[in-house]
Amino acid sequence: PKLVVNILLLQETHLRLQDHNRLRKTWASQIFYSRFNSRSRGVAILINKRIQFTPSDVVSDPNGRFIIVSGCLFQKPVVLVNVYAPNWDDVHFANKVLSLIPDLNTHQLIFSGDLNCAINPLLDRSSSKGTPSGMAKTFASCMQQNSKIKRELTCSKF
C-alpha cells in the first residue's frame with residue numbers, strides 16, 4: 001500500500017538556499033523551512049494539500065536548527081515545532097527554543113525533531129552515565145510544567 005503523508009517534519013535537510021526547490025512535492029501545498037549557510041543543519045515542515053492548515057506566525061532559526069509555525073489545523077489552534085539540536089549539551093539552545101514557543105495555554109503543541117539527548121537516561125544506550133544532560137533536563141522540565149495543558153489538549157480530537 002502507498003503511504004500518505006499529511007505533515008512531514010524533516011531534520012538535517014542539508015540544503016542551501018538554491019536547493020530548497022527540492023522540497024517541493026506534488027502532494028505538499030505548504031513548505032516551511034530553516035536553513036543554514038552551508039550544506040549542513042536545516043529543518044523543514046511540509047503539509048499535504050489535503051490538510052486544512054492556515055499559518056499565522058513563523059519563527060525560523062537563522063542557524064538552521066529549528067522552525068516554529070503557529071496556525072490553525074482543521075480550525076484548531078496548533079504550534080508545529082521541528083528541532084535539530086546541537087550534538088553537544090547546549091542548555092542555552094534548549095531554553096531559546098522553548099522560550100520561542102508561543103500559546104501553550106491555547107494551542108495544541110506538536111513537537112518533533114532530533115534533540116540529540118535522551119530525556120530518559122535509562123533508555124540512552126549511547127552513554128553509560130545514567131544521568132540526563134542539561135538539555136535533557138531542560139526539555140523534561142518543560143514537559144513536566146506543561147503536562148496538565150498537554151493532558152487536556154490530548155483529549156481533544158481533530
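How many of the six residues of strand β3 (residues 43–48) are buried? The legends below take up this point first and then turn to other parts of this predicted model.

**View 1. Strand β3 and its burial within the predicted model.** Six of the six residues of β3 are buried, so this strand is largely enclosed by the rest of the structure. Burial extends to both faces of β3, with V43, I45 and I47 on one side and A44, L46 and N48 on the other. In a regular strand, side chains alternate between the two faces of the sheet.

**View 2. The pairing of β1 with β3.** The two strands run antiparallel and are joined by five bridges, and within this pairing L10 stands opposite A44 of β3.

**View 3. V4 and its contacts with N48 and R50.** V4 belongs to the segment that precedes β1 (7–11), and it counts as exposed because its relative accessibility is 54%, where the cut-off for exposed is over 50%. When residues up to four places away in sequence are not counted, V4 touches N48 and R50. Although V4 and N48 are 44 residues apart in sequence, their C-alpha atoms are 8.9 Å apart in space.

View 4. β6 and β7 run parallel and are joined by seven bridges, and N82 stands opposite S112 in β7.

**View 5. The largest nonpolar core and the surroundings of V83.** This core has 17 residues, and those with the most contacts inside it are V81, V83, F93 and I101. The elements that give two or more residues to the core are β5 (66–73), β6 (76–84), α1 (91–100) and α2 (134–145), with α1 giving the most, at four residues. A second, separate core has twelve residues, V43, F53, V78 and Y84 among them. In soluble globular proteins, nonpolar side chains tend to be buried together. Leaving aside neighbours within four places in sequence, the residues in contact with V83 include F66, F93, V97, F111 and L115, as well as Q11, R65, S112 and D114. V43, a residue of the second core, is also in contact with V83.

Notes: Residues are numbered from 1 along each chain as its sequence is written. This is a predicted model: local features need pLDDT of at least 70, side-chain atom pairs count only at pLDDT 80 or more; totals for chains, interfaces and linings use all residues. Side-chain values use heavy atoms; hydrogens and water are left out. Buried means under 20% relative accessible area, exposed over 50%, partly exposed in between (1.4 Å probe, protein chains only). Contact means heavy atoms within 4.5 Å. A nonpolar core is a set of buried Ala, Val, Leu, Ile, Met, Phe, Trp, Tyr and Cys residues joined through side-chain atoms within 4.5 Å. Two strands pair if DSSP finds at least two bridges between them.
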